[in-house]
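Subject: Structure for your review

Dear colleague,

Please find below the structure that I am handing over to you.

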Amino acid sequence: MKTIVFIGSNKSGSSREAIKAAERLGFFTVLLTDRELFFENRLDFPDVHQMILTDLTNYGLLKSSIDDLQAQGKVIEAVLSFVDPYVHVAAKLSKELGVTVVSPEPILKMEDKILTRELLKDHPVSPYFAKFGKGESLQMLIDKQVGKYPLIVKTPVSAGSKDVVLVKDSQQLARSINMFLEKGTEVLIEEYLDGPQYLFEVCVFNGKVHIIGVLEQKITLFERFIVTGYCLLGEIDSAFYSNIHETVCMILEKFNFKNGSCHLEMRLVNHQWKLIEINPRISGGAMNRIIEVGFGINLVEETIKIFLGLEPNLKKKTNRFVYAHYITSEATGTLIKVTGKKRCSQLPGIDEVFIKPKKGKILHPPLSMGDRYGYVLASSNNKEESIRLAKDAAKEISFYIEPL
Amino acid sequence: MNEEQKTMKEDESVCDVKSILKTIFETQNKAKLPAFQGIFPETIPFILYSSETIEPFFAYGIAPKSLVSFRTCFFCIDSLTSSCVHLTLLLPSDVEGSYLDTTCMPFRLKKMNCTVIVSLQDFCGIQCVSPKLVNRKVIISGGKC
């Protein structure tokens with residue numbers, strides 16, 4: 001039985017859609033997960049043909065789970081992950097099984113933010129950065145940062161804004177370094193870059209770089225930086241596109257990334273592209289749907305093909321501007337009910353409305369991307385119209401929250 | 001069950017109702033004391049069951065702002081004598097604040113300025129309701145408001 005093994009997945013979003021895509025492609029799907037709740041709600045995952053509860057951080061356990069599957073007669077065609085920090089682990093397992101053309105080394109360098117910065121050191125896309133490890137002199141590090149504030153402090157494996165903070169002075173810097181050192185052994189300190197932020201969804205097949213989507217990001221600073229809006233550009237000025245393509249190719253060349261998909265978050269600072277971060281997978285949340293609505297490409301499905309050594313079909317079937325407006329909560333408390341979803345989805349130009357939390361879930365203002373509680377997706381031939389449609393429709397959605 | 005047994009049973013029920021109401025009343029009074037503030041609920045809602053119909057007892061009132069009449073089976077106790085109980089009507093509503101004519105648990109119970117005095121003899125049962133429902137708050141996040 002041709003099988004694809006997934007290491008970790010979220011309940012919804014790109015990673016879950018990858019499992020659905022594998023099922024559509026005719027594979028037996030196996031999900032290795034460490035989330036007991038998924039097991040308790042097994043019926044919510046009809047696209048997962050076999051679910052195995054295991055410790056995803058234990059490489060030996062993952063390997064023995066795959067050995068067991070093989071012993072059961074399943075033919076493993078690929079081991080994949082679309083969630084941090086298991087993309088590299090999945091690629092490594094695939095390589096050991098000899099079933100993929102995707103190399104794990106560049107993926108590891110992308111997953112680890114310090115390795116990324118060291119690799120791109122002295123490259124024009126790289127901002128100023130410093131790293132700090134346990135046992136080093138904090139005073140010395142602080143002295144070196146004089147005149148460089150504001151700075152960004154993050155952990156090397158930060159994802160979804162979870163462990164990323166903005167610091168404005170030495171006191172805040174010391175506090176955030178100590179906070180992050182409780183979680184790991186190293187902390188990354190970076191220059192704060194001011195400028196419009198873009199996200200590039202990229203596929204690479206046999207060394208050829210395909211920029212699938214260019215998206216403008218709307219970032220809101222709550223306690224942390226949270227992306228509250230993505231605008232997929234249906235049309236791009238050719239000079240602007242060439243500039244992006246050239247920069248992305250240069251970066252991926254440095255990583256020696258020949259096959260796979262990734263996304264880059266970049267800021268345009270004084271006409272120079274600066275890399276915020278690069279991740280070896282499609283963005284989570286609504287991204288797969290955004291690209292599907294805008295261009296008719298199911299990016300996770302095409303990524304699976306790349307991992308299987310097959311040529312992806314990256315031809316655009318449509319060309320629309322898509323805006324995804326994310327919904328967050330200003331209040332803290334228990335969710336009683338959500339109203340307006342049906343009304344919102346029936347408005348013109350609305351392609352999808354997704355509400356994540358169920359009744360009884362405790363909501364709070366966002367501390368990470370995972371604390372966005374839904375999105376409204378609108379498309380149009382016009383950028384401004386797609387933004388307006390999504391934002392206006394989102395006003396129909398109300399969360400009724402009982403204070404704690 | 002003969003007539004004598006029936007009367008005895010009813011009397012026992014009345015005694016039960018009275019003793020439960022007494023406990024509720026005392027607990028509410030204790031809640032007003034500084035030592036128990038925040039520990040005991042100041043308002044304990046309940047439903048009374050009519051001896052005649054074995055159904056929840058309803059009382060009628062008029063909502064102060066809208067001047068719309070309503071009926072409710074949710075009450076709280078104001079005072080208690082040997083034979084009567086003085087009740088305050090609690091208005092049941094949904095999460096959006098709309099009045100609900102129901103015997104099911106509503107989202108919220110709002111204390112009204114309407115009271116009623118009833119005889120303890122008229123009731124055979126009492127069901128306490130969560131005090132959390134009284135003046136329960138809700139925040140509406142997002143939307144057009």
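The notes below take up the interface between the chains, then a pocket, and then a cavity.

Please bear in mind throughout that this is a predicted model.

The interface between chain B and chain A

The size of an interface is often given as the accessible area lost when the parts come together. For chain B and chain A, the area buried between them is about 1,200 Å², and 56% of it lies on carbon and sulfur atoms. In terms of residues, 12 from chain B are in contact with 16 from chain A.

Between chain B and chain A there are 2 salt bridges. One of the residue pairs joined in this way is E96(B) with K337(A), whose side chains meet at 3.5 Å, N to O. Polar contacts between chain B and chain A, counted where both residues have pLDDT 80 or more, involve 6 residue pairs. The side of chain B that touches chain A is made up of 5 nonpolar, 3 polar and 4 charged residues.

The second largest pocket

The volume of the second largest pocket is about 340 Å³. Its lining consists of 17 residues, of which H325(A), Y326(A), I327(A), T328(A) and E330(A) are the closest to the centre. Sorted by class, the lining of this pocket holds 5 nonpolar, 8 polar and 4 charged residues.

Which elements supply at least two residues each to the lining of the second largest pocket? In chain A they are β10 (208–221), β14 (321–327) and α13 (383–394), and in chain B the element is β8 (139–142). The largest share, 3 residues, comes from β14(A).

The largest cavity

The count of cavities of 30 Å³ or more comes to 1. The largest cavity contains about 30 Å³ of space. Its lining is formed by K113(A), T116(A), R117(A), K154(A), E190(A), I276(A) and E277(A). By class, this lining comprises 5 charged residues, 1 polar residue and 1 nonpolar residue.

Two elements of chain A, α6 (113–119) and β13 (272–279), each supply at least two residues of the lining of the largest cavity. Of the elements, α6(A) gives the most, with 3 residues.

With kind regards

Notes
Residues numbered from 1 in each chain as written. Chains lettered and ligands numbered in written order. Predicted model: local features only at pLDDT ≥ 70, side-chain atom pairs only at ≥ 80, totals over all residues. Heavy atoms only, no water. 1 Å grid on protein atoms, 1.4 Å probe; cavity = no way out; pocket = protein on both sides within 12 Å on 5 of 7 lines; lining within 4 Å. Points joined across faces, edges and corners; volume = space filled by probe spheres on them. Helix = DSSP H or I, 4+ residues; strand = E, 2+ residues; numbered from the N terminus. Nonpolar A, V, L, I, M, F, W, Y, C, P; charged D, E, K, R; others polar. Contact = heavy atoms within 4.5 Å. Buried area = accessible area lost by both parts, 1.4 Å probe. Salt bridge = Lys/Arg side-chain N within 4 Å of Asp/Glu carboxyl O. Polar contact = N/O pair within 3.5 Å; in protein donor to acceptor, adjacent residues only side chain to side chain.
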